[in-house]
Every structure is written in C-alpha cells, then in structure tokens.
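User: Could you walk me through this model? I'm new to reading structures, so please go step by step.

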Amino acid sequence: MQIDFIAILPEIILTVTALLVLAADLALRGDAKQFVNPLAGLGTVAAIIATVALWGSERVTFGTMYVVDDFAVLFKLLFLGTLLAILAISWRYIAEHRFFQGEYYFLLLTSFIGMLLMPSSRDLIMLFIALETVSVPAFVMVGMRKRDLYSSESALKFFLLGVLAAALMLFGMSMVYGFAGTTDLVGIAAAISGETASVPLLLGSVMLVLVGFGFKISAVPFHFWAPDTYSGAPMPVAAMLAVASKAAGFAGLVVVAFIAFEPVADVWGPMLGVLAVLTMTVGNLIALQQRDLIRLLAYSSVAQAGYILIPFGLARTGPGAAVVNAAAIEAVVFYLIAYAVMNVGAFAVAIAVERRTGLRSIADYAGLSGRSPLLAMGMTVFLLSLGGAPLTVGLWAKFAILEAIAVDITLFGIVLAGFLVVNSVIAFFYYLKVVRTVWMDEAPAGLPQLQPGFNLSAVVVVLMVGTLVLGVLPGLVTDFSSVISIVAAG
Amino acid sequence: MAIGYYFIVSALLFSIGLIGVLLRRNAIVLFMCIELMLNSVNLTLAAAARMWGGPDGQVFVFFVIVVAAAEAVVGLALIVNLYFRRGTLDVDVPQLLRW
Amino acid sequence: MLSEYLPVLLLFGLAVAFAVGSLVVSSLVGPRVPNPTKLAAYESGNIPLADVRNTRFSVKFYMVAMLFLIFDIEVVFIYPWAVVFRELGWFGLGQMALFIGILGVAFVYEIGRGGLEWD
C-alpha cells in the first residue's frame, strides 16, 4: 500500500492551510481576524506552485482512483486561480460585513479541496466525495448572512435541491455499480461496452448520474436554485458558485461522461445537446427581463452553462469517436477558462459597487463611468466578453465550440451551432443594456465616487488584461488545452 | 435470485422518498424523505456488493453514511436558523421555496 | 446479466404507481372524522400540557445533538480499519492517526468557540 504524496500535494497544502485558518481564527481577536485572509492566500499560492510542478507528469495513486494528468492539472490551476481571485475580492467585503471570518475562509478552502479532487477522480466513490466536499461547505456559505431572512431561505432552498440532486445521482451510481460490479470508471466503461446499449434501466441510471452534475452546473431543468441563491449569498460566494463550483461540475461531468459512459455516448450525447439548447435559450430569455444585476449575472451564467454543454452534445461512440470527443473536451476546457476570467471579473466589479452603496439593481449602475472609470471599463470588457465580442476571449471561446462542431459536421451539430449563434445575439441585448447604463445614463445625484481597494482593483485589472490579451492571443491557453485531450483515451 | 428482492425494496424506498419530496411542503419532512432516498441507495449498494462480492459497494456505503450525516447537520442548522429568524418554529416551507 | 435487472425497471413503475395510488385512494376513500381527541398530539396517553408546535426548545440541545452526530458517525471509518488492523500495520495506524488528528483539530476548535458550554 503506497500513496503518492507528491500527486496529492496541492490538496494536502490546502487542507493544512484550512486547519491553520481554523487555528488562527481561535487565536486572533477582533480586527486581527481579517488576517486569516492573507494566510489562506499564502496557502493557495503554495498549492499553485505544487500544482504547476505536476504539469507534464502522469501520476496514479490510491489504486487507480486518483489520476493526475495534464487535464487534471489544468483544471486545478483554474480552480486555484479562481480561489486566489475570490480571496482577494473577499477580504474587505467579509471583514466589513462582520461575517464569521474564520469559518468563511475555512469553508471556502474546504470547498476548493473538493474541486481539486474532481478532475482527478477516476472512481465513482471519489467523484461522489469530491462533489459533496464542494457542495456541503457551499450550503453553509450561502447562509452565512445568518440574520438575513432572504439569505437563510435561499440557503435552505439551495440545500434541499442540492441534496435531492445528490440523492438522485447516488441512486444512479448505485445502479451503475449494480450493473458493472465495479466503481472504477474505466472498469465501468469496459463492463457496459460489452452489453447491448439498449437496456433502459442502465440508461436511466446513467441519466440519474448526469442529473447530479446537471444541478452543479445549473443546467436548465435544475437551475431554479441559481438566481435566488446567488442573490441571497454573500457576493464572493455567488462568484464562487457561478464560476468555480460550476467548473467543478463540468470537470466531473467530463470525467464521468467521457470515461465511464463513453460506450453509451450515443444516448447521452444528444440528450445533453438538447439540454444545452434548453439551458442557453431559457437562461438568455429570462436574463433579458432582469433588473437586478446579480440575477442577471445568474441567468447569464445559466446561459453560459448551456454553451459549455454544447460540446457534450457532440459526443459519440464507435469508430472515429475519439477525435470528436477529444475536440469536445478541448472546447469545454477552453470555454471554462475564458468563462472563469470574465465572470469572476464581472462579479468583482459588482462587489466593488455594492460594497460602497449596497445597491445592486442595474439602474444603480447609471453613470458608473463618472464614478469610477476603472470599474466601468472593467464591467464593459467583462460583459462584452461574456457576450462574445471581438478582441475579447469570449469570442474565441465560442469559436472553440464551433471548431469542435466542425470536426465532424452532422445535422445535429449544425442545429446546435445555429442555437449558439442566435443565443449569442440575444445575449448581447442584455449585456449591452448594462453597458449603456454604465456609460450613457446620468448618475443619480449624491452618489459617492467609488474607490475600490487595492485588492479589488488588482483583480479587476488583471482579469481585464487577461480577457483582452487572450482575446488577441488565444494561443496562450489553447496551446495547453490542446494537449489535454488524452483524457478521452481513458 | 434472492438478491433481487433487496433491489425491489430499495426501489420502493427510493420512490416513496422521491414522491414525498415532490408532494410534501414541510422542510423537515422534505429532508427526511431525502434521507430515505439516501438509505435506499445504501441498500442497493449493499445488495450489489453482496452480489458481486467486492468491497467497492461496502466502502461506498460508509461514505454515503458519513456524507448523509454531514448533510443532516448542515441542513438542520439551516432549518433551525431559518425558524429562529422567522420567529416561529412552524416548519412550513417559506414562500421562496415554491419551485 | 443485464436482462436480470429488467424486472426492477418494472418495479420502479409499480412502486411509483403504488405510492401515488395509495395516497390518492386514502384521500378519496378514507373517512374523515376529526375530533379534538384525535387531533391532539399523542403524548403516551397523557393529556397534552401545551401546544407542541409553539413550544420553544433550547437551541443548546440541538447543538449538542449535532456535534454528537457528526463525531459519532466518523467512527464508521474506524470500524473497518479495526477489522483489518493487523494487515495494514503501521501504515494504517499512521493514516488513522492523521484522520483522528484532523477530527481533533475540529474538536479543539469546537471547544475553543464555546460550542460545548452549557450556560
């Protein structure tokens, strides 16, 4: 029995950091408590270094349960980068709102430990634990504003729906185990490829497993929690749910769908494709009617999940499938990275505006350009990028999906591409509406100038630069994401 | 084959839990129904582990039990907190929860 | 092998039908004769002293129950380890020490934050 501790070093570092945060929370009093934030930040940086060192290696540990390959490393870097940004935008926000700071950072770190486990999992048990480690701290974090009724209610709603989705997924997993006799993902693929793929119960179980991940990524029939939860949760938590936890859901979905259920891809592929169409259309249409910026971002993130689901709709099995599936995974990973950059940025600006004024309806962003040119610029860039405007990374992200469709053009692929284009146009309406409010409308009298703190400004600037630089040179990421396609080979 | 009966019982338990979730409007009862579903999962896993003779299913059961306990603690904390906020211990589901 | 599971699928449908059916039938057919005694909370045959729904309970009970539950359940991992204790040897002992150590940190935190103070 040997454990490869190098392979799980990033997780170990984060765990130790989380425990140190707990200890520091006990030791520190009053205002000093806010310094658990830099402590968590240091741990995150150390974890990033440990993760970068793993690039290019292929390590397997815990039997075959846990695999660290380039796919996993890329996802881990995405999560840790997001964690760093969220820590930066949390500092002042959490300290000023008098949350339970030690608990908050501990739960945040714990949730991210779960995310780090997700892309490395090669076993149903590991996937389940990773998913729950992401979710359970998130339930608590959403309800962090204990004295706020709305926050408590949204936390309970998130919790009940989350646990229900987990139960459905678990039942699916238990049935899959009943069929395959193993919880190992590769073993499951081997077991079900031998069977005729038309057994309805098996397919039902596969669908149930996908439901659990559908909830995490807020795909349409399971998206009801997203808007209420985002607006009820503390804003940094909303950013985490919208970006990191969603990316973790997609990481898990890629692993379970393309490795374990690859032999039945002909069934879940079209289903997820239909789900993608539903998700982006419903998300965009409801987003059009939103007046609250956080709810708008919530529905926009539902729509974005729809875009990211498109490559899953292309998945297939049989000869020649490997190329298509590899291209699909590549598109998913690239879109997730682009999405993280622009969406964390949008939430950072929203936090900066809300922190000073407590306002979050879109009308309150009127004249933001006069009150803080940096934030206005940032908001413009992030929203245009989410819409997919030229010169931003958002365009290339959508292009990556079209590229994946073009690998092997089918009628269904063309339909998906059509929905993608139409939805992108619809989405521009509401993104541009906010941008127009920011630049064109007069600010109501008496609103103070906004002076975001150093951390927030740094996050906004870095992400803005990232959005634009990747918009000109997408190769900076695609060079990495194109080598990770080995995951399809399992 | 006798193991089939375990699958039947667990399918029944799961359906009862699921229907409870869909029909009931009381947060605590909802939560109990979900716990019932988790226990039906445990039964399936244990029966399947017996059928295949491997340890995977039994290990899975342990993890499901522990995660269910963690969820119960978190969920009850949220429920208790909500009822103190609302100034009553009446556990009818709040308006926001219409889905 | 897979075809052996087909009956389970049927049973799923049957289970759903049975559960929905019995709810519907009982609501349609069942006689409703409410009377005060029948509607009262059952307290082992005694006459209820107060309205149970509005009785406040101390949150301390809940805290203790919750903390007990979470630490109690962790034993589930110790039990299988104890079964194969000899085969795992020092490696297993080290892992279990790590596990209990992490739990210990949580326990210290719980005491430090006053989670177990009864007053």
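Here are some questions and answers about this predicted model.

User: What is the handedness of the crossing of α9(A) and α12(A), and how many nonpolar residues does the contact have?

Analyst: The crossing of α9(A) and α12(A) is right-handed. On the α9(A) side, Ala226(A), Pro227(A), Tyr230(A) and Ser231(A) take part, and they meet residues of α12(A) including Ile294(A), Leu297(A) and Val302(A). Sorted by class, the contact of α9(A) with α12(A) has 2 polar residues, 1 charged residue and 8 nonpolar ones.

User: α12(A) also packs against α17(A). How do those two run relative to each other?

Analyst: Helix α17 is made of residues 411–439 of chain A, and its axis is 10 Å from that of α12(A). The angle between them is about 165 degrees, and over 145 counts as roughly antiparallel. So α12(A) and α17(A) are roughly antiparallel.

User: And which way does α12(A) cross α17(A), and how many charged residues are in that contact?

Analyst: α12(A) passes α17(A) in a left-handed crossing. Among the residues in contact are Leu296(A), Ala303(A) and Tyr307(A) of α12(A), along with Phe412(A), Leu416(A) and Asn423(A) of α17(A). The contact of α12(A) with α17(A) has 9 nonpolar residues, 2 polar residues and no charged ones.

User: Let's move on to chain B. What pattern does chain B follow along its sequence?

Analyst: Chain B has 3 helices and 0 strands. Of its 99 residues, 39% are buried. Read along the sequence, the pattern of chain B is α-α-α.

User: Which helix of chain B gives the most to the side that touches chain A?

Analyst: The contact takes 32 residues from chain A and 35 from chain B. Helices α1, α2 and α3 of chain B each supply at least two residues of that side. By class, the chain B side has 26 nonpolar, 5 polar and 4 charged residues. The one that gives the most, with 16 residues, is α3(B).

User: How do α5(A) and α3(B) lie relative to each other?

Analyst: Helix α5 (residues 124–142) of chain A packs on helix α3 (residues 56–85) of chain B, with axes 11 Å apart and an angle of about 10 degrees. Residues that meet include Phe128(A) and Val136(A) on α5(A), and Phe63(B) and Val74(B) on α3(B). The contact of α5(A) with α3(B) divides into 13 nonpolar, no polar and 2 charged residues. Under 35 degrees is the cut-off, so α5(A) and α3(B) are roughly parallel.

User: Now some single residues. Is Ala165(A) buried or exposed?

Analyst: Ala165(A) sits in helix α6 of chain A. Leaving aside neighbours within four places in sequence, its contacts are Val211(A), Gly212(A), Phe215(A) and Phe222(A). There are 22 other C-beta atoms within 10 Å of Ala165(A), so Ala165(A) is buried.

User: What about Phe62(A) and Ser218(A): how exposed or buried is each?

Analyst: Phi is near 50 degrees for Phe62(A), a positive value in a residue other than glycine, and Ser218(A) also has a positive phi of about 50 degrees. Phe62(A) is in the loop between β1 and β2 of chain A, while Ser218(A) is in the loop between α8 and α9 of chain A. With 19 other C-beta atoms within 10 Å, Phe62(A) is partly exposed. Ser218(A) has 29 within 10 Å, so Ser218(A) is buried.

Key. Residues numbered from 1 in each chain as written. Chains lettered and ligands numbered in written order. Predicted model: local features only at pLDDT ≥ 70, side-chain atom pairs only at ≥ 80, totals over all residues. Left-handed = near helix turned anticlockwise from the far one by under 90°. Helix = DSSP H or I, 4+ residues; strand = E, 2+ residues; numbered from the N terminus. Contact = placed C-beta atoms within 7 Å. Nonpolar A, V, L, I, M, F, W, Y, C, P; charged D, E, K, R; others polar. Axes fitted to C-alpha atoms, helices over the stretch in contact; angles between N-to-C directions. Parallel < 35°, antiparallel > 145°, perpendicular 65-115°, else oblique. Buried ≥ 20, exposed ≤ 12 C-beta atoms within 10 Å, placed from the backbone.
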